[in-house]
Amino acid sequence: MSEHLLDVRDLCISFVGRDGNALEAVNKLNLHIDAGEIVGVVGESGCGKSVFAQSAMRLLEHEQKMAYTGQILFDGEDLLARPLKRMREVRGCDIAMIFQDPLSSLNPVMTVGAQVIEAVRAHRKVSRREARNEALSLLERVGIRDAAARFDMYPGDFSGGMRQRVMIAMALAGHPRLLIADEPTTALDTTTQKQILDLLRDLNSSEGMEVLFISHDLGVVTSICSRVHVMYLGQIVEEIDACGLMERPSHPYAQGLIASIPPLEGERVDTLADIPGTVPPLTAIPCGCRFAPRCARADERCRAQEPPLVAVNACDRSKCWLVEKGECHGC
Amino acid sequence: MMANVKKALANKGFVVGGCIFLAIALIALVGPLVWTVNPNAQEMTLRLSAPSPAHPFGCDDFGRDLLARVIAGARVSLGVGIAVTLATSALGLVIGAYACYNERLDHILMRICDGLMSIPGVLLAIALMAMMGASVWNVIIALSIVYTPSMARIVRSRAMVVKEEPFVEALRVQGASTARIVWLHIVPNVMAPFLVQATFVFAEAVLSEAALSFLGLGIKAPDASWGNILQAGKNVMRKAPWMIFFPAAAIIASVLSLNLAGDGLRDALDPKTKED
Amino acid sequence: MAVDSEALLRVSHLTKTYPMPGSGFKRQVFTAVDDLSFEIAPGEVYGLVGESGSGKSTTGRLICGLERADSGSIVYRGHDLATMSERERKPFRREIQLVFQDSSTAFDPRNRVGRILEEPLIIAGVRDADERHGRALSALASVGLLAEHYDRYPHDLSGGQRQRLNLARALICEPRLVVCDEPVSALDVSVQAQVLNLLRDLQRTTGVALLFITHDMRVVRHMSDRIGVLYHGRLVEEGAAEDVIAHPSDPYTQELIDAIP
């Protein structure tokens with residue numbers, strides 16, 4: 001029995017093509033969320049972070065043949081063992097999800113209020129009036145001012161940030177214990193992003209709702225999460241305290257990502273440190289350490305043997321041979 | 001381009017439809033060389049005779065060989081189809097592509113199209129034929145007028161989308177002329193829906209030509225057309241069902257094969273099914 | 001940086017409105033750019049920063065001649081582009097180029113890389129095919145692409161490579177000003193740094209002026225000599241990039257900086 005609400009063990013996810021060939025998008029992923037925690041997964045496009053998020057809800061299987069190994073334990077139960085038809089009982093109730101694009105997730109020809117009411121009534125049999133009242137208080141809870149006046153407006157009349165608030169209100173309707181947020185602020189302006197992050201932080205601390213936060217933005221992830229997993233090509237290459245990620249990451253990939261962010265203060269640098277090359281496609285995953293071809297510090301061993309994810313210190317685990325040599329800075 | 005051809009050839013509907021249609025076209029083309037019977041030669045003793053080795057499709061009410069007449073009809077029907085498709089395609093492409101670049105022209109042309117499209121196609125064709133008189137050329141002109149608006153609309157609506165694409169804006173920033181943008185960049189990018197529509201126009205033209213000829217407004221006797229063979233056969237349906245069966249089968253086979261090919265082409269060219 | 005009378009581009013009192021959707025007969029308008037004035041010196045990198053709806057992209061499109069201004073002037077080397085007819089404008093077209101954010105739609109999907117690079121030369125009247133070929137190859141090399149990319153289609157390239165191609169196409173006719181509309185926003189962080197470094201190198205070597213439009217304060221600080229902060233179509237603050245970000249004088253600029261995670 002697992003003591004964590006969400007405990008992912010050795011998860012591998014593959015897309016199965018029509019010709020029967022499988023493309024592995026996620027490889028041996030281990031991740032858990034401690035009570036009341038916001039945990040982040042960060043990586044570039046194609047690293048498998050969204051595939052992982054959607055697999056936790058088993059959303060991909062409706063369109064695409066998938067192959068899983070490992071376990072996604074939610075409250076001790078393996079979600080992957082659950083029949084797909086019975087996932088509906090989990091979605092929205094125990095686990096809710098919000099996405100990058102709140103406009104396409106809302107029905108444009110239905111009022112915002114009606115959509116929240118629908119979300120409320122999907123989970124509990126309550127009268128129309130009660131559902132309306134609850135929907136109103138949910139909208140107020142997520143910080144929509146004048147919720148009563150805006151109740152009968154359409155999603156098109158709302159700004160991007162307000163739509164994302166509506167999506168969060170709908171996610172809250174089933175009183176979920178876990179919220180999966182898949183790039184929830186990527187389409188938003190910086191000032192709006194800050195408000196949404198504040199809201200998620202507030203919901204996490206006041207309702208005790210645990211959050212799995214997926215993003216490509218290192219700054220966003222470190223500002224909201226307590227622990228961050230950095231993914232590269234389907235694998236977690238580093239798991240570190242959020243405060244440690246910006247200052248002393250130990251994996252060369254995480255170091256490269258941090259170094260390539262233009263600084264906001266101090267002397268302007270002429271040339272930003274970049275990571276050479278591009279993320280290879282899933283069809284051409286390198287041998288040994290998957291990052292080795294782009295790593296300045298890679299040697300023969302890196303190219304031949306895959307390093308394990310090992311503890312650097314109490315708050316940092318890294319999937320790099322340098323750890324063994326003691327060449328990683330400590331926390 | 002090669003990828004599109006490959007994808008089209010991998011589509012079952014397109015291949016089956018295309019093969020049937022090519023077979024019909026081949027028969028129309030070389031049929032008279034193989035089956036050398038004169039389609040207009042009357043032999044009153046053979047009037048309404050049933051299919052036999054000498055006359056595989058039987059004979060009509062004037063004792064003419066039905067196989068030869070169906071083959072001759074195929075030449076007429078497919079000829080009209082090709083001519084209408086070419087005329088419609090050329091007109092539709094020019095009108096549709098330029099309408100998206102000139103707002104006033106767009107308004108005028110599209111209102112004309114609206115007007116033409118508000119009249120049922122066959123009715124409009126009948127009215128035009130009644131005005132111009134029955135002849136092969138007039139059938140082609142009438143059907144081209146009927147089918148150009150829908151073609152122009154499809155080209156225009158796709159061209160409107162392409163026109164807003166950043167790559168077209170990039171060309172404008174470079175100072176490219178409208179003609180260059182339209183012919184070198186917009187037109188090639190509207191080819192997919194254009195080709196699909198062309199196959200449907202072809203099928204509809206074959207059907208409409210048959211309808212006009214059936215009504216006596218299209219191809220005039222003694223020239224053979226699937227439509228006027230049917231017309232003649234309608235009166236002797238019980239005595240000589242083969243006079244209905246063979247031309248009807250020819251119409252169904254050609255229209256069905258064209259529609260099958262068109263649907264297949266649409267699926268093959270749909271960017272949503274792209275797998276590369 | 002002092003801006004004197006030799007400004008390459010001087011935008012004054014530029015205004016652009018759009019009819020509001022669904023306003024029917026009442027003709028309500030939305031003001032995208034509102035009495036905007038700024039200048040860009042030759043070889044300068046001017047950053048225009050703002051959130052969505054601030055009018056920063058519209059400003060770029062007005063300068064490139066993709067939209068017509070309602071009022072105001074866009075004076076480029078002494079000529080007012082805003083009031084020119086399409087024909088009068090044509091000789092200036094290739095001197096002001098545009099780099100798009102979304103490199104997946106920035107190229108005709110039916111053209112190969114070579115054709116994409118040679119087309120601006122054809123339009124500019126370079127008749128010699130060998131010369132065009134040579135210039136396309138050297139443009140590829142200048143942005144770190146290989147000669148073998150010449151025969152590829154844009155969709156065969158990665159996002160970073162396509163954005164390099166975008167830069168190559170904008171620079172191939174040796175423009176004096178390039179409007180970069182969010183050129184790295186769609187790219188991953190590691191690739192973003194590569195493209196920013198490349199853009200900076202190219203700007204230094206060619207001496208082209210850039211109007212760098214972005215929502216990202218970090219990127220605009222890294223790239224620009226001076227920046228202007230746009231809010232609802234108005235310029236609320238302008239100054240040297242490092243100064244504005246270190247000591248913003250406008251409350252909105254302050255808010256933008258505070259919101260950076």
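How many residues does the contact take from chain C and from chain A? In this predicted model, the contact (heavy atoms within 4.5 Å) takes 30 residues from chain C and 31 residues from chain A. The model is predicted, and local features need pLDDT of at least 70, side-chain atom pairs count only at pLDDT 80 or more, and totals for chains, interfaces and linings use all residues. Residues are numbered from 1 along each chain as its sequence is written, chains are lettered from A and ligands numbered from 1 in the order in which they are written, and side-chain values use heavy atoms, with hydrogens and water left out.

The size of an interface is often given as the accessible area lost when the parts come together. Buried area is here the accessible area (1.4 Å probe) that two parts lose on being put together, summed over both. Between chain C and chain A this area is about 2,800 Å², and carbon and sulfur atoms give 52% of it. On the chain C side, C:R218, C:R221 and C:P261 supply 22% of the area buried against chain A, more than any other three residues.

Three salt bridges (a side-chain nitrogen of Lys or Arg within 4 Å of a carboxyl oxygen of Asp or Glu) are found across the interface of chain C and chain A. A salt bridge joins the side chains of A:D270 and C:R200, at 3.7 Å from N to O. Polar contacts are pairs of N or O atoms within 3.5 Å; within protein, one must be able to donate a hydrogen and the other to accept it, and residues adjacent in sequence count only if both atoms are side-chain atoms. Between chain C and chain A, 17 residue pairs are in polar contact, both residues being at pLDDT 80 or more.

Helices (H or I, at least four residues) and strands (E, at least two) are DSSP runs, numbered from the N terminus. On the side of chain C that touches chain A, α6 (189–206), α7 (217–223), α8 (241–246) and α9 (251–258) of chain C each supply at least two residues. The largest share, nine residues, comes from α6(C).

Chain C also meets chain B, with 24 residues of chain C in contact with 18 residues of chain B. Together these chains bury about 1,900 Å², 50% of it on carbon and sulfur atoms. Within chain C, the residues that lose the most area to chain B are C:L66, C:R110 and C:I123, together 29% of what that side buries. Two salt bridges are counted between chain C and chain B. B:E169 forms a salt bridge with C:R61, with the closest N and O atoms 2.7 Å apart. The count of residue pairs in polar contact between chain C and chain B is 10, both residues at pLDDT 80 or more. Two or more residues of the chain C side come from each of α2 (86–93), β6 (96–99) and α3 (113–123) of chain C. The largest share of this side, five residues, comes from α3(C).

Within chain B, helix packing was examined. Axes are lines fitted to C-alpha atoms, for helices over the stretch in contact, and angles run from 0 to 180 degrees between N-to-C directions. The axes of helix α3 (residues 66–99) and helix α6 (residues 136–163) of chain B come within 6 Å and cross at roughly 35°. For α6(B) and helix α8 (residues 178–189) of chain B, the axes come within 9 Å and cross at roughly 120°. In this second pair, B:R158, B:A159, B:V162 and B:K163 of α6(B) meet B:H185, B:I186 and B:N189 of α8(B).
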